[in-house]
Amino acid sequence: MIEILVGSQMGAAEYTAEQVADTLVQAGYEVRLHLTPDLEQLARNSTWLVITSTYGAGDLPDNIQPFADQLAQDRSDLTTVSYAVITLGDSSYDTFCLAGRKIETLLAAKQASTLGIKLDIDVLTADLPEDQALVWLPQFMALIS
């Protein structure tokens, strides 16, 4: 099971997550997409793929901030969870992709296992975020197979 947790303020991360989810389903994976992630609804013995944009001054988007708060307050560990993070950001800011790093820090504090790969997407590049994510996706799939 792959749980895709989406943090999207303006829609780009959500669209990217939908494209990634479709590709994973076509490849035979069982996927659940969470547009408003809730810790209680996520399978703990699974892989979590967080796809989030960075908003404002390195903030998490409004729809994923409550999940981050849940992670920070929850007392259980996530040792049975493996994860990777895709973050969209604007490299002209010194908080480039900070939202993804915040989520990574929270997951690591709960003892979730990183897959050791992440993707920081600079929205200033010519390539669309979803295209960059789909180029990265085979690395992710190789690690979870």
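The lining of the largest pocket comprises 9 nonpolar, 8 polar and 1 charged residues (Ala, Val, Leu, Ile, Met, Phe, Trp, Tyr, Cys and Pro count as nonpolar, Asp, Glu, Lys and Arg as charged, and the others, Gly among them, as polar). The model is predicted, so local features need pLDDT of at least 70 and side-chain atom pairs count only at pLDDT 80 or more, while totals for chains, interfaces and linings use all residues. Residues are numbered from 1 along each chain as its sequence is written, and side-chain values use heavy atoms, with hydrogens and water left out.

The volume of the largest pocket is about 270 Å³. Of its 18 lining residues, T54, Y55, L88, G89 and D90 are the closest to the centre. A pocket here is an open set of points on a 1 Å grid over the protein atoms alone, where a 1.4 Å probe fits, with protein on both sides within 12 Å along at least five of seven lines; lining residues have an atom within 4 Å of a point. Its volume is the space filled by probe spheres set on the points, which are joined across faces, edges and corners. At least two lining residues come from each of α1 (12-26) and β4 (82-89); helices (H or I, at least four residues) and strands (E, at least two) are DSSP runs numbered from the N terminus.

Helix α1 also packs with α4 (residues 129-144), at an angle of about 40° and with the axes 9 Å apart. Axes are lines fitted to C-alpha atoms over the stretch in contact, and angles run from 0 to 180 degrees between N-to-C directions. This angle makes α1 oblique to α4 (under 35 degrees is roughly parallel, over 145 roughly antiparallel, 65 to 115 roughly perpendicular, and the rest oblique).

Helices α2 (residues 65-73) and α3 (residues 98-109) pack at about 30°, their axes 9 Å apart, and are therefore roughly parallel to each other.
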